[in-house]
Each structure stands twice: as C-alpha cells, then as structure tokens.
Amino acid sequence: MPVATQASLKGLTYEQLEQTSCRLCLNNTYHLGLKPGQETLDAVGGAHKLQGWDHNILTDSGGFQMVSLLELATITEEGVRFLSPHDGSPMLLTPEHSMSLQNSIGSDIMMQLDDVLVTTSPDAARMRLAMERSVRWLDRCIAAHKKPETQNLFCIIQGGLDLEMRKECCEEMVKRDTPGIAIGGLSGGEAKDDFCRVVETCTALLPDLKPRYVMGIGFPEDLVVSVALGADMFDCVWPTRTARFGAAVTRHGVLNMRNARFAHDFGPVETGCGCNCCLSVDKGGMAVTRAFVHHNSAKETVGAHLLTIHNVYYQLNLMRQIRESIIAQRFPDFIREFFGNLYEDTEDYPTWAVDALRRVNVDLIK
C-alpha cells in the first residue's frame, strides 16, 4: 500500500496513482482527525470523496504517533493525549474516538487503536502493559465500531521482540475474530533477524484465510522474505520518500539518479519497466530518460514526481509478480531470481534473509 498520510500521495495525482495499478492506499486517522477534521469529513462524505479516490483506503488508527510524536503524547488506559503539531492544541485519542474518526473517514479497512512501543525498548514491563492494553483497546474498538458491515476492522498484534509475548497476544487477538490481522510494532530499528523471528512466530498462529498485514515494511527484500514467512500486506513511506531524494527503486537495486553517470544516459529509468515514466511513447508512456530525471532531480520537483510514479509502480508490480509466482507454484524460484537480480554474487546475500528463507525450506544458495 502506498502511503497517502494526509489524504494525498506526495508527488502524484490520484489519476496517476490509479495508473500504477494501485487499488488500496493508506491514510492516517490521527492527521485527518486534526486536519481537515471530523466535521469536514462528515460534511464531504468521507475521505474517498475528499481526495477523489474511487478505490480502497486503509486507515492507521493513530497508534504509531505514540512513537513518531512521543514528545507530544501522554499515554494512559483512557487513551493518548496529544498536542497538535499544527498549533499545540490538545487532542484525546481514545479507542472510541479513533473508531468514530475512522467511521467518518469511511475507510474500507480500519485499524484498532493500539499501544505502540518501539521494539528496541528494554522495558519489559512497559512492553507487556502495551501488549495487554492493545487487547483491551481492541475490545473497546469492536464495541464502538458503527459500520462493521462496510468497514473491516483489523486487530494489531504487539509484544515487541518477546516471542512468548507475541504468541500470547496472537492467541487473544485471534479469539476476537476480526476480518484481518496486523503485526505491529516492527520497523523500529530492530535487527532483521529479530524482525523475521517475530513475523514467522505470529503468522504460524494466525488463521489461513484472513489477510496478515505487517505494518511499516517497504524495502523490496523485506517484502519478498515476509511473504515467504506467511504475510500478505504491507505499507511504507519509503518508495515515495526515497523518490524525493532522487532514488529509483529497480530490480537491480536502488539507483541514485543525482549521480553524474546518468547525465548522458538516454535509456529509461529501468529497462523493461511498465510504468508510465519508463514506457515508450508508442506504448502510451512518457519515455522519460535517466538523463532527464538526473537533470531535474536536484532542484526541480518534476524529478521527484517521475520517480514517485516509477517507485510506486515497482513496489506494486513486485507484489503482483510474487502473487503470480505463488499461483503458478514457482515462488521459491521467483525468490532466487529476485535475489540473483539484486546481488552480483551469492556471497553478498544478506545472512538474515538466507537464514529466514532456509527455515521455510527455500535455499537461496542452491
């Protein structure tokens, strides 16, 4: 899922986002609750109409802001008290208020309000409190949810890097029988080995026919490995943010388009890519060259705009290729092809990926 935090994807119109094949993007409840605010959302008829998006929206509950805006937040059993980053005004975000906001937003998938703690925190007692509170807050979210027939509420598994705590949380969350299940609290600076252990521990305990959503994950190798470990859905600002720094995500790695070596390179950003930026004119594309992106990426916003189109398409196409390879029962071969394109030599493969994949019977060094 590309991330459109404020009901807009930086650098793209919604028509252009649709052309990347995106059918589900992410908005943020906390930020939309502050601006434009619930009254405006109710008046316009929800976030789909506000942003002119005819497809699906997932809303994060605002729980992540406990980490990203920690200096502005006070957390209690009641909820989270924030000071607005816009004007310093106070806001109390409770499970009930988060549900009310998300009902007004009208998101197709809505997340429970959870108590989020950075995974690398050494405070085991606080981590347990956060995990148990997330379960209690889920119960409050379920009770407050007004539109379960049209909006799907997902629970969020917490527990830091403590695998036993994660198992305990999985057991409690599965009992609540929500339409989908998220694994939260990761991508917070933990080692990749620890990340993989948490994902595979949780997915092993989750129902087969409900989507599993690992929150905040976006590096291509993380997506491929996480799917192999049993996950289905992901979101991250990285593809769009890195575009604004002049970086193109390709099957051979990330290219810094500000590098002087691209100044006279008149090929597409990525040969064979199907995005509108890379496609030739006769195929309906813009036939943008690396030289043009290089020329614009340092100072002109058009460079970031074009790379955002490319990067979002790359991520969505990667997930499409994964899905197709699973259906064709050749996913292990796809994984080996993916890492073979990304690294010149098997000795360069990241150990964490090799080890995690080996545990699910995929040998990269074959």
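The following legends describe close-up views of a predicted model.

**View 1. Salt bridge between E77 and R133.** The closest N and O atoms of E77 and R133 are 3.0 Å apart. E77 is partly exposed, at 32% relative accessible area, while R133 is buried, at 7%. Both residues take part in a network of salt bridges that also includes D115, R126 and R136.

**View 2. Salt bridges of R176 with E172 and of E337 with R330.** The N to O distance is 2.9 Å for R176 and E172. R176 is partly exposed, with a relative accessible area of 24%, and E172 is likewise partly exposed, at 24%. For E337 and R330, the closest N and O atoms are 2.5 Å apart. E337 is partly exposed at 39%, and R330 is partly exposed at 29%. The whole count comes to 22 salt bridges.

View 3. C141 is in no disulfide; the nearest cysteine sulfur, that of C155, is 11 Å away. C141 is buried, with 0% relative accessible area. The sulfur of C278 is 3.7 Å from that of C275, the closest cysteine sulfur, and this is too far for a bond, because a disulfide requires sulfur atoms within 2.5 Å. C278 is buried, at 9%.

**View 4. A negative surface patch.** E344, D345, E347 and D348 form the patch. E344 is found in the loop between helix 13 (331–342) and helix 14 (351–359), and counts as exposed at 84% relative accessibility.

Technical notes. Residues are numbered from 1 along each chain as its sequence is written. This is a predicted model: local features need pLDDT of at least 70, side-chain atom pairs count only at pLDDT 80 or more; totals for chains, interfaces and linings use all residues. Side-chain values use heavy atoms; hydrogens and water are left out. Patches are made of residues with over 30% relative accessible area and no salt bridge: like charges are joined within 9 Å, nonpolar side chains (Val, Leu, Ile, Met, Phe, Trp, Tyr) within 5 Å. Accessible areas come from the Shrake-Rupley method with a 1.4 Å probe; for residues, only the protein chains shown count as cover. A salt bridge is a side-chain nitrogen of Lys or Arg within 4 Å of a carboxyl oxygen of Asp or Glu. Lys and Arg count as positive and Asp and Glu as negative; His and the chain ends are not counted. The place of a charge is taken as NZ of Lys, CZ of Arg, CG of Asp or CD of Glu. Helices (H or I, at least four residues) and strands (E, at least two) are DSSP runs, numbered from the N terminus. Buried means under 20% relative accessible area, exposed over 50%, partly exposed in between (1.4 Å probe, protein chains only).
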